[in-house]
Amino acid sequence: MNAFRIALFGVGAAAAIGFVAQAAEISGAGATFPYPIYAKWAEAYAAKTGLKMNYQSIGSGGGIAQINAKTVDFGASDMPLKPEELENNGLTQFPPVIGGEVLVVNLPGIAPGQMTLDGPTIANIYLGKITKWSDPAIAKLNPGLKLPDTAIAVVHRSDGSGTTFIFTDYLSKVSPEWKDKVGEGTSVEWPVGIGGKGNEGVAALSARTMGAIGYVEYAYALQNKLVHTKLVNHDGLTLEPGSDVFQAAAANADWKSAPGFYLILTDQPGKESWPITGATFILMHKKQDHPEKAKEVLNFFDWAYKNGGQLAGSLDYIPMPANAVAIFEDSWKQIVGPDGKPVWDGHSS
Amino acid sequence: MAADIALIGRSAAQRQRAGSIGDVVFRALTFLFALLVLLILGGVIVALIDGALPALRTFGFSFVITEVWNPVTEKFGALAPIYGTLVTSAIAMVVGIPVAFGVAVFITEICPLWLKRPLATMIELLAAIPSIIYGIWGLFVFAPFVQQYIQPAIIDSLGQVPGIGALFAGPPLGIGVLTAGFILAVMVLPFISSIMRDVFETVPAILKESAYGLGATRSEVVRQIVLPYTRIGVVGGIMLGLGRALGETMAVTFVIGNAHRISASILQPGTTISASLANEFTEAFGDLYRSSLIALGFILFIITFIVLAIAKLLLLRLQKQAGG
């Protein structure tokens, strides 16, 4: 009798698991940086349409591996794939959301937004060439500030991260020596400094180490009340960070003439463009074996582009400007089913 | 009820037969479990070697002796993490063993009876704290303390000694190899001390009392009676602690500074094998990068194996000495 009951329970449980697997209709995997906003969008989208999206934040490397193995409907990466990599794997990519990064410092008597830094100076600090806060290069940018003779404690990410990729890409663009000696990547060989795990690790080390400088996503600087600096942008203007200047970098970006949208938003031209801005990317196969699933994925991101802005803002992510969205959605024509027809017709069903 | 009576009513032969069937099943089952462990271990080794092959093929033996770790140019060498793993574990042992020994001696020989049990329980509780908690505590509480008080004192005293001064050179960052070693020492302490305590308890009271009767002091009893009697267990406890220190991941990742560099000074940041894996595996782009990380894991496996082998040899030798 008991055994029968257990068997019955087992069948019931198996059926329940089967049902859950059925209900989670689209699945994605990859970057950890956009996970909070994807999860929030998925929740809102499921409440509205009943379609569930299951996203595993396993890291960009894992996301690329899984989309290549076709175990997920879409992959996600903080580092865009180069056009030839996309071509080789039959993939296409588009960016759903933007984030901005700021430099944070820890010096007595210096309040948020008081200090100004520029690209070459940051590169020299991270190269270990500027070692004191009283260095003439920093003093020149901050004529009114009293700078102590403290040693600079350089803080960087220890884990592989899209945040690091965007930051090192920026340094490579503004400093030939950085590009030559270190280069850009999700993790690099840091010439100096201590590594903290995750944005929270860098935030904690920066907040606790006297004389520290670190780079974090803007949201972390706000939440942890860290002392961010102003930055001098590509056009030579000094800017205070904020969603308007992050968005300006994306709006001024020339997405149309970037093959595969391989465009990194650092050091973009434009008076209002924040210099260290980056997008995160979604990867999909161009040839879809299951066009109806691909269509659901694209419906989801179409909804996110059009209705997800406020949710993104609440988590300090920056939604894509409308002119850019039109270009991305136009590129979805490349995603075709077995019959060669585009899976997405421009209307959510 | 009826079944019970039937069981009692069975003949001895029947019972014996049933017993022997049970024996066979039991033997097969335990053999299966033992085999399973071997299979899993073998599988792990094969998977590690298979995953590490691309890196080992590309870099050859120089993988183990180069310090450079550059994901951008895809040049990888394991020397910095190997060095960090060995040095942090060594610091943990240097700090942890004397303290653990002191704790064990105090509890077994000196401690008043009412304090014995609470003290022992508290030390064992240290072992139950998850390592991530040690990491967070290390980063937020211990590292700033080390930066403000311990490191300046070390730099001003040991750092000025000619010869070994470079080992303790500043600036005081708070986090680094030494802090990681300290945290590891706290983490291995309960393992080593509870085993030492257990083996110290096995010393026959008659031996100790005879020594006291001959006028031996407490320290003489510990050195000449307790330690010689229990050295096999003591070495075993130390090796268990060392095994834990070598493989510890989360706590170390938080406080070591995660820099792929070998610094002369132990106050500076470094990295360990397991910390590198925890940090970099999720976002390792490229086959060679991933393969190099797996090769790191394989090296840790080998290091742990060597430590266990040395421990086993040491124990065998001690046993032989004790026997002869």
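1. The second largest pocket holds about 530 Å³ of space in this predicted model. A pocket here is an open set of points on a 1 Å grid over the protein atoms alone, where a 1.4 Å probe fits, with protein on both sides within 12 Å along at least five of seven lines. Volume is the space filled by probe spheres set on the points, which are joined across faces, edges and corners.

2. The lining of the second largest pocket (residues with an atom within 4 Å of a point) has 31 residues, with T32(A), F33(A), N199(A), E217(A) and Y220(A) nearest the centre. By class it divides into 10 nonpolar, 13 polar and 8 charged. Nonpolar means Ala, Val, Leu, Ile, Met, Phe, Trp, Tyr, Cys and Pro; charged means Asp, Glu, Lys and Arg; the others, including Gly, are polar.

3. α10(A) gives the most to this lining, 4 residues. Elements are DSSP runs numbered from the N terminus: helices (H or I) of at least four residues, strands (E) of at least two.

4. The largest pocket has a volume of about 660 Å³. Of its 27 lining residues, M79(A), E85(A), E74(B), F285(B) and G286(B) lie nearest the centre. α12(B) provides the largest share, 5 residues, and the classes are 13 nonpolar, 8 polar and 6 charged.

5. Residues are numbered from 1 along each chain as written, and chains are lettered from A and ligands numbered from 1 in the order written. Local features need pLDDT of at least 70 and side-chain atom pairs 80 or more, while totals for chains, interfaces and linings use all residues; side-chain values use heavy atoms, without hydrogens and water.
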